[in-house]
Amino acid sequence: MRADAVRGHLDGLLLAVLEPGPLHGYAIIAAVQQRSGGALELRTGTIYPALNRLERLGLLSSSWQSSGERRRRCYALTDAGRATLAGERTAWNEFTAAIGSVLNPAAPPAEAM
C-alpha cells in the first residue's frame, strides 16, 4: 500500500493499536502490520515523532520499562486519547461511507428532467 494512503490516519492507527494496553515502538509497528494483514508497514522514523507529538498533546503517556537488560519506552492511551480515538473512528466511518457511496453506488442516480 502506498505510504501516502496512511497520511492523515496515522494518529488513529497508533491510538487504535494502543487501545488494548501499553506497547513499545516496535510492538506498535508490528501490531499495525499484523492488523492490516501486512498491508501497512510503518517506519520508526514515522511513528516515533508521531508518538512524541501525541504524548505532548496529552493523548498518550509513556514510561520506561525493562525487559532483561533492555529498556524500552512504552506508550499507553490516556482518557483524552480514548476520547480522541472514538472521534477518529466516527470520522473514519463517515468518510468511508461517503467515499463508498460515490465509488459503489447502490442505485444509479435518477435522470434529471
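Predicted model: local features only at pLDDT ≥ 70, side-chain atom pairs only at ≥ 80, totals over all residues.

Biologist: Where does Leu-103 sit?
Modeller: In helix α4, which covers residues 79–103.

Biologist: And is Leu-103 buried or exposed?
Modeller: Exposed. Its relative accessibility is 63%, and the cut-off for exposed is over 50%.

Biologist: How many aromatic pairs turn up in the whole structure?
Modeller: One. Trp-92 and Phe-95 form it, with 5.8 Å centre to centre and 40 degrees between the planes, so it counts as tilted.

Biologist: How far apart in the helix are Trp-92 and Phe-95?
Modeller: Three residues, about one turn of helix α4. Trp-92 is partly exposed at 40% relative accessible area. Phe-95 is partly exposed too, at 43%.

Biologist: Switching to the sheet. What is the strand order?
Modeller: β1-β3-β2, an open sheet of three strands with antiparallel pairing. The edge strands are β1 (23–24) and β2 (60–67), and each pairs on one side only.

Biologist: How many bridges join β1 to β3?
Modeller: Two, and the strands run antiparallel. Strand β3 spans residues 70–77. His-24 lies in β1, and its bridge partner in β3 is Cys-74.

Biologist: Is His-24 buried or exposed?
Modeller: Buried, at 18% relative accessibility. The cut-off for buried is under 20%.

Biologist: What does the His-24 side chain make a polar contact with?
Modeller: The side chain of Arg-72, at 2.9 Å.

Biologist: Now charges. How many salt bridges does the structure hold?
Modeller: Two. In one of them, the side chains of Asp-11 and Arg-53 meet at 2.6 Å, N to O. That pair links distant parts of the chain: Asp-11 is in helix α1 (residues 10–18), Arg-53 in helix α3 (residues 44–56), 42 residues apart.

Biologist: How accessible are Asp-11 and Arg-53?
Modeller: Asp-11 is partly exposed at 21%. Arg-53 is partly exposed at 30%.

Biologist: Which residue forms a salt bridge with Glu-19?
Modeller: Arg-89. The closest N and O atoms are 2.8 Å apart. Glu-19 is in the loop between α1 and β1 and Arg-89 is in helix α4, so the pair ties together parts 70 residues apart in sequence.

Biologist: And the accessibility of Glu-19 and Arg-89, what is it?
Modeller: Glu-19 has a relative accessible area of 32%, so it is partly exposed. Arg-89 is at 36% and counts as partly exposed.

Methods
Residues numbered from 1 in each chain as written. Heavy atoms only, no water. Helix = DSSP H or I, 4+ residues; strand = E, 2+ residues; numbered from the N terminus. Buried < 20%, exposed > 50% of the residue type's maximum accessible area, 1.4 Å probe, protein only. Phe/Tyr/Trp six-rings, centres within 6.5 Å; stacked < 30°, edge-to-face > 60°. Pairing = 2+ DSSP bridges. Polar contact = N/O pair within 3.5 Å; in protein donor to acceptor, adjacent residues only side chain to side chain. Salt bridge = Lys/Arg side-chain N within 4 Å of Asp/Glu carboxyl O.
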